[in-house]
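The sequence and the structure are shown first.

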Amino acid sequence: AYEAYLRALERVSVRDDRDARVEAIKQFRLAASIQPDFADAHAGHAYLTALSLPRHVGMGWRELISRQHRATVRALELDPDNDMAWVARAMAFKNFEGKVDEALAIDQAVLKRSPNFGPAHYSMAGSLWMRGRPREALDHLEQAIDGDPFDTLLQFYRAKILYSLGDYEAVRDAAKQCPQRCAGVGWFWLLSMAGFATADVYREDYPLLLRSAVDNGVSPQEIADGRGIIEAFIFGRDYPLDPIDEGEYAEFSDAAIDSRMSGFDAGLRTARLALENAHSDSILDILNQGRVTFSPEQRADPRYHALFRHPKLARIAVARRKEGVTAGLPIFPVKRYTGR
């Protein structure tokens with residue numbers, strides 16, 4: 001059982017590879033089946049499923065959430081003070097339901113008990129960012145990275161937070177320093193360029209981004225689309241993008257891009273797809289002061305307000321408004337948007 005548990009832990013750090021993620025879950029479940037009272041095996045299973053999406057593990061939301069909940073409950077029945085199980089619960093609160101206040105309370109309690117526990121720092125970073133406190137979040141994320149420098153998804157999360165701060169140079173440097181095929185960090189370099197870079201910076205840095213994309217195996221069509229997106233935001237040029245099909249994976253950054261490239265209705269459609277298939281923190285990618293977000297006029301529209309009546313987004317909006325952070329949130333008074 002312990003050997004299976006160690007095999008699972010080894011794969012958690014490289015869970016950006018789908019096969020590694022699936023194998024880690026398999027090994028956690030194997031460990032728990034061999035030794036049913038092995039609390040850490042149940043906790044590891046709960047933690048990784050809390051970090052997963054249905055597309056990662058080949059099951060629907062209902063089954064994923066149910067399995068995650070059962071594993072958490074079982075781990076805490078066996079060991080009420082199990083740090084990993086509590087972090088798994090906090091992650092599930094945030095990722096599945098947007099319950100940032102409940103998650104933050106758990107993170108604080110775990111770190112008070114175990115101040116060097118890396119997964120708790122990772123969870124705390126997510127909770128603080130969700131509340132609108134990104135610089136504090138970065139402090140905790142650095143501690144998580146120190147604890148597991150081989151986890152490239154921690155590097156990816158760091159790039160996302162830096163992007164939300166509008167720190168183009170920091171995102172660029174993070175992408176250049178991250179190992180090859182580093183869990184999508186290059187995408188956030190592209191978003192940062194589109195959202196915050198000047199025309200001169202674009203002309204200077206785009207060749208570097210292009211070389212990185214080629215080195216990471218990005219297809220020619222994806223490279224062409226990326227350049228079209230950047231130039232549309234920086235120079236106001238038109239670039240037609242194919243819509244994301246129903247049922248395909250989408251995030252809120254895709255919605256903001258579609259809103260600019262194809263019109264507000266297209267952006268709203270993609271945002272609804274993101275509501276269906278992304279974790280709650282996907283909304284944080286458009287809650288910033290950059291160009292890759294919905295415009296103030298669009299954010300006043302009742303249809304944009306309707307997105308934030310979804311429980312998981314409503315909770316995030318309330319938490320951020322408490323912190324005085326309103327970038328990207330719906331705007332009052334409500335006024336229908338009449339543009340394209």
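## Arg-291 and its contacts

Leaving aside residues up to four places away in sequence, Arg-291 touches Met-193, Ala-194, Gly-195, Phe-196, Ala-197, Phe-233 and Ile-234. The structure is a predicted model. Arg-291 lies in the loop that runs between helix 16 (264–277) and helix 17 (296–299).

Is Arg-291 partly exposed or buried? The relative accessible area of Arg-291 is 33%; because buried means under 20% and exposed means over 50%, Arg-291 counts as partly exposed. From Arg-291 to Tyr-206 the C-alpha distance is 18 Å, and the two residues are 85 residues apart in sequence.

## Helix 14

Phe-233 and Ile-234, both touched by Arg-291, are among the buried residues of helix 14.

Helix 14 covers residues 220–235, which makes 16 residues. From its first C-alpha to its last, helix 14 reaches 22 Å, close to the 22 Å expected at 1.5 Å a residue. Just after helix 14 comes Gly-236, with a positive phi of about 75°.

## The chain as a whole

The protein chain contains 19 helices and zero strands. Its radius of gyration is 20 Å, close to the 20 Å given by the globule rule for 340 residues, so the chain is as compact as a globular protein of that length. Along the principal axes, the C-alpha atoms fill a box of roughly 60 × 45 × 35 Å.

Of the 340 residues in the protein chain, 55% are buried. Among contacts with a separation of 6 or more, 66% are between residues 24 or more positions apart.

## Surface and charge

The protein chain has an accessible surface of about 15400 Å², and carbon and sulfur atoms account for 51% of that surface.

Gln-35 is placed in the loop between helix 2 (18–34) and helix 3 (39–50). With 35% relative accessibility, Gln-35 counts as partly exposed. Gln-35 and Trp-61 are 26 residues apart in sequence, and their C-alpha atoms are 27 Å apart in space.

Which residues does a cis peptide bond join? The bond links Phe-332 and Pro-333, with omega at about -5°. Pro-333 belongs to the segment after helix 19 (311–322).

Notes:
Residues numbered from 1 in each chain as written. Predicted model: local features only at pLDDT ≥ 70, side-chain atom pairs only at ≥ 80, totals over all residues. Heavy atoms only, no water. Helix = DSSP H or I, 4+ residues; strand = E, 2+ residues; numbered from the N terminus. Expected span 1.5 Å × (residues − 1). Buried < 20%, exposed > 50% of the residue type's maximum accessible area, 1.4 Å probe, protein only. Rg over C-alpha atoms; globule rule 2.2 N^0.38 Å. Contact = heavy atoms within 4.5 Å. Areas by Shrake-Rupley, 256 points an atom, 1.4 Å probe, with all protein chains shown as cover.
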